[in-house]
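Hi everyone, thanks for making time this morning. I'd like to walk you through one fold, so let me put it up on the screen.

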Amino acid sequence: MITLTGLQKVFRTRDVETTALQQINLTINAGDFVAIMGPSGCGKSTLLSILGMLDSPTSGSYTFAGTEIGQYSEKQLAQLRKANLGFVFQSFNLIDELTVAENVALPLQYLSVSKAERQQRVDAMLKRVGLDHRADHLPQQLSGGQQQRVAIARALVIKPSLILADEPTGNLDSKNGEEVMAMLRALNREGTTVVMVTHSEKEGAYADRLVKMLDGQILLDRRNNLTQAEVA
């Protein structure tokens with residue numbers, strides 16, 4: 001699905017040059033559940049932003065579904081994102097003025113999806129995450145765990161081939177965090193590729209593969225032999 005070769009990301013100001021990623025070589029196969037781990041400042045969120053086509057590398061190659069996208073315009077990248085990628089963030093990123101159903105429907109408004117199909121997909125996603133009875137509520141009327149489930153429904157409604165999750169349980173208590181992780185695990189079991197950034201070894205144990213980073217480099221990329229129960 002994704003191949004990164006010799007990827008580098010350098011941030012420059014007038015006085016300072018900072019290398020956030022250096023010589024990243026990484027392949028993510030369809031159906032993988034990958035946990036990217038490492039201390040703050042190691043480059044994992046920068047890597048996730050590049051994987052999500054929200055930022056561009058300074059150099060190196062990014063191949064998505066067999067196509068090198070390095071020369072794609074922002075419009076082309078936006079089309080790829082809208083059709084293939086679902087995002088789940090630590091801060092939920094729901095729009096306060098929209099209802100739960102309207103938040104979930106938002107990504108479909110940028111695709112050629114009829115009103116009837118939009119409604120059908122939204123209803124199905126809210127039922128899946130157990131919030132169909134909250135469809136007309138506003139985000140601030142929900143708990144943190146419920147808001148994150150809305151965010152997951154919003155990510156899923158476009159039927160993405162890849163979900164990118166950035167510290168998806170960072171604002172949740174342990175019970176709600178476990179529910180969100182179990183949901184991501186179930187989605188992966190159904191065939192959706194998941195790439196998650198996390199500090200937590202416990203959450204990393206849900207993944208099939210661990211990628212550990214330090215100082216902008218990948219130190220370790222291996223299959224995960226632990227289970228969630230073993231680190232609980």
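A word on the ground rules before that. This is a predicted model, in which local features need pLDDT of at least 70 and side-chain atom pairs count only at pLDDT 80 or more, while totals for chains, interfaces and linings use all residues. Residues are numbered from 1 along each chain as its sequence is written, and side-chain values use heavy atoms, with hydrogens and water left out.

So, the overview. The protein chain has 8 helices and 10 strands; these are DSSP runs numbered from the N terminus, with helices being H or I of at least four residues and strands being E of at least two. The radius of gyration is 18 Å, close to the 17 Å that the globule rule gives for 232 residues, so the chain is as compact as a globular protein of that length. That radius is taken over C-alpha atoms, and the rule is 2.2 Å times the number of residues to the power 0.38. Along the principal axes, the C-alpha trace spans about 50 × 45 × 35 Å.

How much of the chain is buried? Of the 232 residues, 48% count as buried, where buried means under 20% relative accessible area, exposed means over 50%, and partly exposed is in between, using a 1.4 Å probe and protein chains only. As for contacts (heavy atoms within 4.5 Å), take those between residues at least 6 apart in sequence: 69% of them join residues at least 24 apart.

S1, residues 2-12, pairs with S2 in the antiparallel sense over 8 bridges, and a hairpin of 4 residues joins S1 to S2. If you look along that pair, Leu 7 stands opposite Ile 24 in S2. On the S4 side, S1 and S4 run antiparallel and are joined by 5 bridges, with Ile 2 opposite Phe 64 in S4.

S7 and S8 run parallel and are joined by 5 bridges; Leu 164 has Val 195 in S8 as its bridge partner.

What about the interior? The largest nonpolar core has 40 residues, and Phe 33, Val 104, Val 122, Leu 126 and Leu 184 have the most contacts inside it. By nonpolar core I mean a set of buried Ala, Val, Leu, Ile, Met, Phe, Trp, Tyr and Cys residues joined through side-chain atoms within 4.5 Å. Among the elements that give two or more residues to this core are S3 (33-37), H4 (115-128) and H6 (174-189), but H5 gives the most, with 6 residues. Apart from this core lies another, of 28 residues, with Ile 28, Ile 50, Leu 85 and Met 213 among them.

Let's zoom in on Phe 33. Phe 33 lies in strand S3 and is buried, with a relative accessible area of 0%. Beyond its neighbours within four places in sequence, Phe 33 touches residues including Met 181, Leu 184, Val 194 and Tyr 206.

Most residues other than glycine have a negative phi. Met 53, though, has a positive phi of about 60°; Met 53 sits in the loop between H1 and S4 and is buried, at 4% relative accessible area. Phe 92 also has a positive phi, near 70°. Phe 92 is in the loop between S6 (85-89) and H3 (100-105), and is buried with a relative accessible area of 10%.

Thanks, and I'm happy to go back to any of these views.

Note on methods. Pairing = 2+ DSSP bridges.
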